[in-house]
Amino acid sequence: MQQSPDGLRVGLVTDVGRIDDGTFNQYAYEGLMRAAEEHGLEPEVIETDLPEEYEENLEHLVEDGCNFVVTIGSRAGQQVERIATRHPDVHFVVVDHEPPEASKNVTGLVFAEDQAAFLAGALAGLVTERDTVGFVGGQDVPPVRKFHRGFEHGLAETNRRAEILDTDTGSFTDTEAGEEAGRELVAHGADVVFAAAGQSGAGVIRAAAQEGAWVIGVDQDQWITTFEEGDAPGSERLLTSAVKRVDAAVYDALTRAVESRLQSGVLRFNLSNDGVGLAPYHEADVDVSSEVKGRIKEIADGLRSGEIQTYVGPQGEDLRESLITRLTAWNWRAVLMPFLAVFSALIIGAVFIAAFDPIVWEAFGEGLGAGLSTAWQSIARAYSALFAGAFGSPADIIEGIRIYAQTGDSAQLIRAVRPLTESIRISSPFIFAGLAVALGFRCGLFNIGAEGQYFIGGLATVFVGYAVTGLPWVVHLPLAILAGVLGGAIWGGIPGFLKAQTGAHEVITTIMLNFIAIRLADFMLQVGGPMAAPGFRPVSPDIEPSAYLPQFFPDNPSVNVNTGFFLALAVAALVYWLLFKTTIGFEIRTVGASPRAARTAGISVTKNFILAMALSGGLAGLASVHDILGVIHFMPNAFSAGYGFDAIALALLGRSHPVGVVLASLLFGFLEAGAQRMQAPPASVPIDIISIVQALVILFIAAPEVIRLIYRIRAPEEEGGAVFTRGWGQT
């Protein structure tokens, strides 16, 4: 709109209803009047009593000389479009209507109802005690569908057990139908009711609140309107309202028009620009726990950043209904970055392979073409060996399957899949150790003591494995696993306690405890030591067979893969559930994000520091459990495999997320297994090349700007990260 402010004449036509009805009509009026008062305008207002009067009222404003008309268009957008075509010199601003691109003089004010409703559904899922909630809609229009679908998806975000009962009133103005619907939902077991039905919805929540259910309002703060600022019965049962700031949107549109900045098209209002959200809890504030408030805030932050999606389309459709829409909604940029990091590391690794191959240098002496050809052959030979060492030869696997199918002899097949099983075996302790450090990161703690926790967990599990005899495996094996977890947890809990009580930085204390653990293991297992086996080898006695982790191939001792891999995946799933689906996990992550804010919310920072480090140590202890109970069946003096330090890289590469840690661990496990084949002829590549590749992967993940610069990828608008460490004494 390019109309001069001096010639601006403003009008408002309500939807069916008055300007004081507590719905969009009232708030559009308030936003319009606020802007008009600031800019010295005198709006003309027409209230619509019947639907058939709506178009006539719009025409009346135009005839009176209004060249800027505000109205409500969730049901009458097409009527506004027709009138706008007849009056190209008049600019129409329509709440809840998205005009087509061809419109030249219509601006739609569109709201992310799904985001506000998602928060309402998440709150309902956290508050419900019966796992039954209710939704009431008015008429079948896109905003109501978005409220409904967003509420449904938000409920599933926090409470997948909860059932949703839904109905509609068929009207936005029939309060009696709303009251009947509200009472009916409560009678069917709903203890939280959400209504998106205008004045009908006001009747819904009034009736449901008086029946004892928690209720959630819609569009505007219904504690102020429907419950008369707490004076109406049932106001204490109003949790909040999923608000749409129609007043702010209309104010913004008129201000733009005055400043000649308003264009046709769509102005969108969502959580990011405070166009939607939840109203205050008012009287229910004392009934909503700090944990619930914190969880809702976390979900709101996730919706703003895009980390959490509502999966609701512009017409209220469910974007999760088909695989194609799920794939298109996926954050492919986030997936692309790790892939490009690995790809780039392999490319640079190829340069090292060729650069340090003397045969390649000899070929370059014969000419550039010969040198490049030989370099390509050297790289292809090395990476072919890497693939074969990590996954096995496809031809050998197919041949092994053929022989097994024809003769029943599995020897060839087992040999063919041994590289794959070895990759899985190497990856398993990586998963445990990576999860240990990642969990510490989530609480803002840098656990460099996973190596020492690995040692102590190993001492505990091997002791129970050989010293406890006469038990069946169903008792002995869990007991040995538990011993390893407790050993690591106790060793991890020590720096957590020191951090919480004295402020001693966990980086320093865990490093020192690493040396203590290593020397303690050295003392216990040296020849003649308290836990040493008889003889001249500094090792523990062999554990009892009843403490063995079951093997996949028990008749072939050369294949060491065992059920520890499935245990690792189960533990990763458990860590994910703990961190993201429980109150304990929420508190851990809150302390990691801001200890001061956590303390203000009533969360014990001391308790969570100790708990997080103990859990982290227990996970590191599981890495030694896997190696002792599943692979070597005793503990040698020189037990360390460097898992504790590799775990730091795995946690960073996996972004401290259990799924990311599992994928990073598999990558490192497959690289290490493949490196063993690369060392052998004909590739004869030093194993250090794989260490270089791993280091480069970490470098590119830690410095994503390098990847973005190389591949010209635009950085996201907002990017946040976890707080990993703090200074000495900062809690």
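Buried here means under 20% relative accessible area and exposed means over 50%, with partly exposed in between (1.4 Å probe, protein chains only). The model is a predicted one, so local features need pLDDT of at least 70 and side-chain atom pairs count only at pLDDT 80 or more, while totals for chains, interfaces and linings use all residues. Residues are numbered from 1 along each chain as its sequence is written, and side-chain values use heavy atoms, with hydrogens and water left out.

Starting with the overall picture, the protein has 26 helices and 12 strands; these are DSSP runs numbered from the N terminus (helices H or I, at least four residues; strands E, at least two). Its C-alpha atoms fill a box of roughly 105 × 70 × 60 Å along the principal axes. Of the 731 residues, 53% count as buried. The accessible surface comes to about 32,600 Å², and 58% of that belongs to carbon and sulfur atoms (areas are from the Shrake-Rupley method with a 1.4 Å probe, and for residues only the protein chains shown count as cover). As for contacts (heavy atoms within 4.5 Å), 71% of those between residues at least 6 apart in sequence join residues at least 24 apart.

On to the interior. A nonpolar core is taken as a set of buried Ala, Val, Leu, Ile, Met, Phe, Trp, Tyr and Cys residues joined through side-chain atoms within 4.5 Å. The largest such core has 108 residues, and those with the most contacts inside it are L435, L459, L619, L629, M635 and M678. Helix α15 gives the most to this core, with 13 residues. Apart from it lies another core, of 66 residues, including L41, Y251, L262 and L303. Back in the 108-residue core, M678 touches I353, A382, A385, L386, A683, S684, V685 and I690, leaving aside its neighbours within four places in sequence.

Helix α20 (residues 583-593) is worth a look too. It has 8 of its 11 residues buried, so it is largely enclosed by the rest of the structure. The buried ones are G585, F586, E587, I588, R589, T590, V591 and G592, a list that takes in the charged E587 and R589. They pack against α9 (290-305), α15 (411-442), α19 (564-581), α21 (595-600) and α22 (605-632).

Salt bridges come next, each a side-chain nitrogen of Lys or Arg within 4 Å of a carboxyl oxygen of Asp or Glu. By this rule the count comes to 25. One of them pairs E55 with R82, the closest N and O atoms being 3.4 Å apart. E55 sits in helix α2 (residues 54-63) and R82 in helix α3 (residues 77-86), so the pair ties together parts that are 27 residues apart in sequence. E55 is partly exposed at 23% relative accessibility, and R82 is partly exposed as well, at 42%.

Another salt bridge stays within a single helix: D252 and R256 meet at 3.0 Å, N to O, and both lie in α8 (residues 246-258), 4 residues apart, about one turn of the helix. An α-helix has 3.6 residues a turn, so residues three or four places apart point the same way. D252 is partly exposed at 21%, and so is R256 at 24%.

At the surface, L336, F339, F343, I347, V706, I710 and Y711 form a nonpolar patch with about 620 Å² of accessible area together. Patches are made of residues with over 30% relative accessible area and no salt bridge, like charges being joined within 9 Å and nonpolar side chains (Val, Leu, Ile, Met, Phe, Trp, Tyr) within 5 Å. The elements giving two or more residues to it are α11 (332-355) and α26 (704-711), with α11 giving the most, 4 residues. L336, found in α11, is partly exposed at 35%.

Finally, the backbone. Most residues other than glycine have a negative phi. D131, though not a glycine, has a positive phi of about 55°; it is found in the loop between α4 (113-127) and β6 (132-137) and is partly exposed at 21%. E228, likewise not a glycine, has a positive phi of about 50°. E228 lies in the loop between β9 (214-219) and β10 (238-244) and counts as partly exposed at 47%.
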